[in-house]
Amino acid sequence: MVRPRKLGALAGLLFASVVATAGRADAVDLNGAWVGDADQCDKVFTRQGGKPGFTEMSDVYGGGFIIDGDQIIGKFAHCRIKSRKESGPSVNLIAGCATDIMLSSVQFSVKELDANSIVRLFPGMDGMEITYHRCPNR
């Protein structure tokens, strides 16, 4: 049985390691609303209670996704990031995703182009990539 004192110490150590990892200067920041065409931000996203959400017709304008901490939110799917591995500007994510009809595990590989642009890579599919741009926080 784990004693409350040991449990508190373990929780403190875990919290410190998460803070130290999150605070790395070289960590790729993926938080925000991402869209394929930066000119379409207002047509894809809206603000709902201070947080980004999707417009009713967002998929007509290319759609996009929102990353908020350990969540990846699409119009029709919601994912929770299970693991994250960084190698320079590249980030590999494994996420558990749910739609209205199924659950699945999905691999996302992205490479940071600049502070507000990433490219999603599809491992095993040479030449297949999609560029996304972070929408301004309004």
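Here are some notes on the cores, the salt bridges and one threonine in this predicted model.

1. Ground rules. Local features here need pLDDT of at least 70 and side-chain atom pairs pLDDT 80 or more, while totals for chains, interfaces and linings use all residues. Numbering runs from 1 along each chain as its sequence is written, and side-chain values use heavy atoms, with hydrogens and water left out.

2. The main core. A nonpolar core here is a set of buried Ala, Val, Leu, Ile, Met, Phe, Trp, Tyr and Cys residues joined through side-chain atoms within 4.5 Å; buried is under 20% relative accessible area, exposed over 50%, and partly exposed in between (1.4 Å probe, protein chains only). The largest one has 16 residues, and Leu30, Phe65, Ile72, Leu93 and Ile118 have the most contacts inside it. Two or more residues come from each of β4, β6 (78–87), β7 (90–98) and β8 (103–114), with β7 giving the most, four. Strands are DSSP runs (E, at least two residues) and helices likewise (H or I, at least four), numbered from the N terminus.

3. Beyond its neighbours within four places in sequence, isoleucine 72 is in contact (heavy atoms within 4.5 Å) with residues including Phe65, Leu93, Ala95 and Phe108.

4. Salt bridges. Taking a salt bridge as a side-chain nitrogen of Lys or Arg within 4 Å of a carboxyl oxygen of Asp or Glu, the whole structure has five. One joins aspartate 29 to arginine 134 at 3.9 Å, N to O. Aspartate 29 is in the loop between α1 (4–22) and β1 (32–35) and arginine 134 in β10 (129–134), so this pair ties together parts 105 residues apart in sequence. Arginine 134 is buried at 16%, whereas aspartate 29 is partly exposed at 41%.

5. Two more pairs. Aspartate 68 and lysine 51 meet at 3.4 Å; the former is in β4 and the latter in β3, so parts 17 residues apart are tied together. Arginine 80 and aspartate 70 meet at 2.9 Å, linking β6 to the loop between β4 and β5 (71–73).

6. Thr55. Worth a look: threonine 55 lies in the loop between β3 (51–54) and β4 (64–68), yet is buried, at 17%. A polar atom of its side chain lies 2.6 Å from the backbone oxygen of lysine 43. Its contacts beyond four places in sequence are Asp42, Lys43, Val44, Phe45, Thr46 and Lys75.

Note on methods. Polar contact = N/O pair within 3.5 Å; in protein donor to acceptor, adjacent residues only side chain to side chain.
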